[in-house]
Amino acid sequence: MLAVVKKHRMRVRGLTLVELLVTLVILSILAAVALPYAEVALRREQELELRRSLRAIREAIDVFHEDWRYGRFSSLADEVSDNGYPESLEALVDGVALADAAGTKKRYLRRIPADPFADSDAPLREQWRMLGYEDAPNSSIWGGEDVYDVRSTSERQALNGTYYKDW
């Protein structure tokens, strides 16, 4: 009887090679399914971040122009173009002196947002393609007079088939 118990214990110990192979196959199938999903989820998050950044900069440009239009600051300020748009993205961060007795400055952005698809080593200003008020809508060259709009510099294609540089 003791010999039968010892044999039974020896057979129960460990996993067979077939069981290990089946487990590895199942894990590799799960990994093959999960990896593309994780890549798409990361790309979607980056696209959302790009949309947020573009919206923040564009809203700041619009508020800047509205303040100029209603005379909230001098149209002769160094940060303002003849068309009432900021001369650079830095003007949105540095701010403009308001036309009040206190001489306070109004800042439109806390910082220039990063483009998630741009080269991360590039300065934030160079991560964006700027368009001036008098530039053609699909121009790839900035006239340098003012900042009317910004776009991504990325040549990559988005998940929906458009290009980030056209957003």
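Colleague: How many salt bridges are there?
Modeller: The count comes to 8 salt bridges. Keep in mind that this is a predicted model.

Colleague: Which residues are linked in a network of salt bridges?
Modeller: That would be E45, E49 and R52. Within it, the side chains of R52 and E45 meet at 3.8 Å, N to O.

Colleague: And is R52 buried, exposed or partly exposed?
Modeller: R52 counts as partly exposed, because its relative accessibility is 42%. E45 is partly exposed too, with a relative accessible area of 42%.

Colleague: What does D67 pair with?
Modeller: D67 forms a salt bridge with R72, and their closest N and O atoms are 2.6 Å apart. D67 has 2% relative accessibility, so it counts as buried, whereas R72 is partly exposed at 39%.

Colleague: Nice. What about E155, which side chain does it meet?
Modeller: The side chain of K165, in a salt bridge of 3.2 Å, N to O. Both residues lie in the segment after β4, 10 residues apart. E155 is exposed at 55% relative accessible area, while K165 is partly exposed at 27%.

Colleague: Switching topic: which residues have the most contacts inside the largest nonpolar core?
Modeller: L89, L92, W128 and V150, in a core of 24 residues. α2 (17-69), α3 (89-94) and β3 each supply at least two of its residues, and α2 gives the most, with 6.

Colleague: Last one: which residues form the negative surface patch?
Modeller: D78, D82, E87, E134 and E145. E145 sits in the loop between β3 (128-131) and β4 (149-152).

Note on methods:
Residues are numbered from 1 along each chain as its sequence is written. This is a predicted model: local features need pLDDT of at least 70, side-chain atom pairs count only at pLDDT 80 or more; totals for chains, interfaces and linings use all residues. Side-chain values use heavy atoms; hydrogens and water are left out. Patches are made of residues with over 30% relative accessible area and no salt bridge: like charges are joined within 9 Å, nonpolar side chains (Val, Leu, Ile, Met, Phe, Trp, Tyr) within 5 Å. Accessible areas come from the Shrake-Rupley method with a 1.4 Å probe; for residues, only the protein chains shown count as cover. A salt bridge is a side-chain nitrogen of Lys or Arg within 4 Å of a carboxyl oxygen of Asp or Glu. Lys and Arg count as positive and Asp and Glu as negative; His and the chain ends are not counted. The place of a charge is taken as NZ of Lys, CZ of Arg, CG of Asp or CD of Glu. Helices (H or I, at least four residues) and strands (E, at least two) are DSSP runs, numbered from the N terminus. A nonpolar core is a set of buried Ala, Val, Leu, Ile, Met, Phe, Trp, Tyr and Cys residues joined through side-chain atoms within 4.5 Å. Buried means under 20% relative accessible area, exposed over 50%, partly exposed in between (1.4 Å probe, protein chains only).
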